[in-house]
Every structure is written in C-alpha cells, then in structure tokens.
Amino acid sequence: PREIVRAKGIVWSAVQNEVAILLSQAGPAVRFEPVSYWVAALPEAQQKQVFEEDPHVLADWDATYGDRGTQLVIIGIDMDEEMIKKQLDVCLLTEEEMKSDWKALEDPFQWQWS
C-alpha cells in the first residue's frame, strides 16, 4: 500500500527454506536478497558451534523449525494495520501447503544460494 513508507526485515520462505532473506522496501523500490543460512539448516556440528558462540540463538528456537521465522518492521503514514495484516497473512502457507512438498511450490526468486 502507498501508506507504507519503509519496510525491512528477515523473511522465511518455503521455496528457499534454508536461507534467511532480507526484505528491504523504501517507497516503490523493493529488494529481496539472501543474507545467511538459517542455523537450523546447518550441519549439526556447525549448529553446536553457533550455540556455543551465541547461546541467545536458542532463546526463540522452535523444536520443528529452529530459528526460521519472519520479522518485519513496517513504517508508514495513516496505515490500515488490519488490511496490511490480512495482506501479509495471504503470503503464509495454508495448512495443506505446510504438509506438502515445498519444492513443488513456484520459486519467485531469480537467484540461487549455495
């Protein structure tokens, strides 16, 4: 919506499940780019090393998804928060999609992260 002046944060996408994605929007310019692997996507030995070096990672650790998640900050003028929440909710996987093979979903990103 035009009321959104700026949005920034980390996004978890089912089609790029191992990669944390940076969302950066200012006015009409929007960028999505890979920034890091999720700790949960790392081999177990590397995960243990991360936990030892940075124990706060475990504070929000989910038993199924690890550190994967979405955290956005949205700044705007006279925003309709309910409408924005509803539009963002449309981006979430349905229960059926959560149970499906995520590799079968269309990947809108033009980059490969490896």
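1. Basis of the values. The model is predicted, so that local features need pLDDT of at least 70 and side-chain atom pairs count only at pLDDT 80 or more, whereas totals for chains, interfaces and linings use all residues. Residues are numbered from 1 along each chain as its sequence is written, and side-chain values use heavy atoms, with hydrogens and water left out.

2. Arginine 68. This residue sits in the loop that runs between α1 (44-53) and β4 (71-76); helices (H or I, at least four residues) and strands (E, at least two) are DSSP runs, numbered from the N terminus. Arginine 68 is buried and yet takes part in no salt bridge, since its nearest side chain of opposite charge, glutamate 18, is 5.8 Å away. Here buried means under 20% relative accessible area, exposed over 50%, and partly exposed in between (1.4 Å probe, protein chains only). A salt bridge is a side-chain nitrogen of Lys or Arg within 4 Å of a carboxyl oxygen of Asp or Glu, and for charge Lys and Arg count as positive and Asp and Glu as negative, while His and the chain ends are not counted.

3. Surroundings of arginine 68. A polar atom of the arginine 68 side chain lies 2.8 Å from the backbone oxygen of asparagine 17. When neighbours within four places in sequence are left aside, arginine 68 is in contact (heavy atoms within 4.5 Å) with Trp12, Asn17, Glu18, Trp38, Ala40 and Ala41.

4. Arginine 31 and glutamate 33. The salt-bridge rule gives a count of three, and one of these joins the side chains of arginine 31 and glutamate 33 at 2.3 Å, N to O. Arginine 31 is partly exposed at 48% relative accessibility, and glutamate 33 is likewise partly exposed, at 27%.

5. Lysine 48 and glutamate 44. These side chains meet in a salt bridge at 3.6 Å, N to O, and both residues belong to helix α1, where they are four residues apart, about one turn of the helix. Lysine 48 counts as partly exposed at 47% relative accessibility, whereas glutamate 44 is exposed, with a relative accessible area of 56%.

6. Glutamate 82 and lysine 85. A salt bridge of 3.9 Å, N to O, links these side chains, and both residues lie in helix α2 (residues 81-89), three residues apart, about one turn of the helix. Glutamate 82 is partly exposed at 48% relative accessibility, and lysine 85 is partly exposed at 44%.

Technical notes. A polar contact is a pair of N or O atoms within 3.5 Å; within protein, one must be able to donate a hydrogen and the other to accept it, and residues adjacent in sequence count only if both atoms are side-chain atoms.
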